[in-house]
Amino acid sequence: MGMTVVEKILARASGRASVKAGDVLEPAVDLVMSHENAALVINQFLEIFQGTGQDAKIWDPSKVAIIFDHRVPAESPKTATNQKKVREFVGKHGIAKFHDIRGDLGGICHQILPENGYVRPGAVVVGTDSHTTSHGALGAFAFGIGATEMASVWSLGVALNVEVPATIKVVVKGTLPAMVGPKDIILHLVGLLTAEGANFRVLEFHGDTVRTMSTSGRLVLCNMSVEAGATSGIVPADDETLRYLREEAGVTDALTPVQPDADATYERVIEIDAAKQEPQIACPHTVDNVKPIGAVVGTKVHQIVIGSCTNGRLDDLEVAARILKGKKVAKDVRMLVFPASGRIYAQALLKGYVGDFMQAGAVVMNPGCGPCLGVHEGALGDGETALSTTNRNFKGRMGNPSSEVYLCSPAVAAASALTGTITDPRTVVGGAR
Amino acid sequence: MSAVVLTLGDDVSTDVIYPGRHMATVLPTETPQFAFADITDFNAKLKARQVPAGSVVAAGKNFGCGSSREQAVSTLKGHELVIVARSFARIFTQNSVNLGLKLVEAPDLEAKDGDELEVGAAEVVNATTGKRFRVVPLPPARQALIDAGGLIAYTRRRLMEKAKG
């Protein structure tokens, strides 16, 4: 019987000829990632070794990546002290894939892993962050786990009791209209599936729209797969994956893309006609509360955010800069821009986007998670509304339970910054491609 | 018999269970103070130790959706709450198994604050309304982890076995 991409990856990682949905495995792990919550992983890791008579030792430090992004630079002495402890641990255990708070090497974990070539097609990747699903964009099986589970992986090098998830095949066909992009497709899909529609399942993306999409766009699809509850999203690796890894991530060693079998078993197949898509908005307070933009055009917003692991890459900034160049952010709205990494920030500087944003009145912040999860900066006032290219709009997500968050694409965010209300980018000059 | 002390709807996210602004607090000994921090009256009762161990939080579908933050589990475990919901999100489920927080999945659950529930392995009986609700058992792989005393104990045992060869 044929296998899906994830089944093939798990079979390889578990030393089996074949696996099927529902099998319970202990796959070897190729890459593990943590951010500031490494502080908790370390605590649990040391506890595991207590009473064993063994020295606490990571199974393979070369496979461990730690990236500070959630609260950078530290917003409090508590965070700074956690970061200090992690830094000391990193030094002691020889963890080379460590990205501290730096303008050159720093950034959001889900951008740092791809752009440094850490994620390879066919790999098993786990991270202590739910958006670890992002890395399926490179043809890896990548999923989020908790800190204690990560401590277990650090100790043993395998993920325990992994149940092979069933797979939903998502086929996206056709040409995307102007000002409609990957974010609109994934918001549409999350709305279709609902917030738990893909719980314990994999979303495997196919179709010519995905084949012709850049890795940056594929990262958006896989990143937000978790918002439908998916264990992972995955785009089977192809020429674009290899191009990205060779040309942008500087990978020189052998790569082995994994394809699904033609007779693989899918639980369900969903087809999406890209040509019929419109800009989509996820309305408060759940990500599956998705509406076409027409339903909410004119809604007053107080803060616009462009950035995050979902939409803080160069092509996102380019779309927004093109709309904002030479214009002004409306007087009664704050606009915050967070490039996803130092590398992207530098590229945006060279391309002139940073200047375009600043002259328009936006504030360009340092790379990091920024206001997305309400722990650091860009908090909302009581009764205020944000329009954001981030990935979650749960009650209190941006730090204030009496505020509201709408989610959208970078094009919608930029167009709306000009008016201070939710605005269809197809109606704004510069919005036409 | 356990009383329902908090009733919630569908899609309760980890941001509601343990708001992001408290994420710098990580240790299981320190996280319980921030359980449902933005549901201020319930949080106050928890902190005043007015909620007995074994009390039930009743919820709808997809409880624990969102972030992988393990604090959302350790904060509830710290008060020995039992979560009975129509369904649970994946990472939250796994974190609960790993840390020993009791989750009970009852897809047709109907309960409100103050109801007395009898939570069994096969069914939940709402003694206040007389209604009975079937329980979806945990998959054997997850039950095995719970039986081993949680993931830390299980991993420790595996390490010892490995050392012995």
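**Strands and a helix**

Tutor: In this predicted model, strand β1 (residues 2-7) of chain B runs parallel to strand β2 (residues 56-59) of chain B, and 3 bridges join them. Strands here are DSSP runs (E) of at least two residues and helices are runs (H or I) of at least four, numbered from the N terminus; two strands pair if DSSP finds at least two bridges between them.

Student: Which residue is the bridge partner of B:V4 in β2(B)?

Tutor: The partner of B:V4 is B:V56.

Student: In what order do the strands of the open sheet in chain B come?

Tutor: The order is β4-β3-β2-β1-β5-β6-β7 (chain B), 7 strands with mixed pairing. At the edges, β4 (103-105) and β7 (131-134) of chain B each pair on one side only.

Student: And the numbering and confidence rules?

Tutor: Residues count from 1 along each chain as its sequence is written, with chains lettered from A and ligands numbered from 1 in the order written.

Student: Which residues are buried in helix α9 of chain A?

Tutor: In α9 (residues 239-248) of chain A, these are A:T241, A:Y244 and A:L245. Buried means 20 or more other C-beta atoms, placed from the backbone, within 10 Å of a residue's own; exposed means 12 or fewer, and partly exposed lies in between.

Student: What lies on the other side of α9(A)?

Tutor: A:D239 and A:E247 are exposed there.

Definitions and conventions. Predicted model: local features only at pLDDT ≥ 70, side-chain atom pairs only at ≥ 80, totals over all residues.
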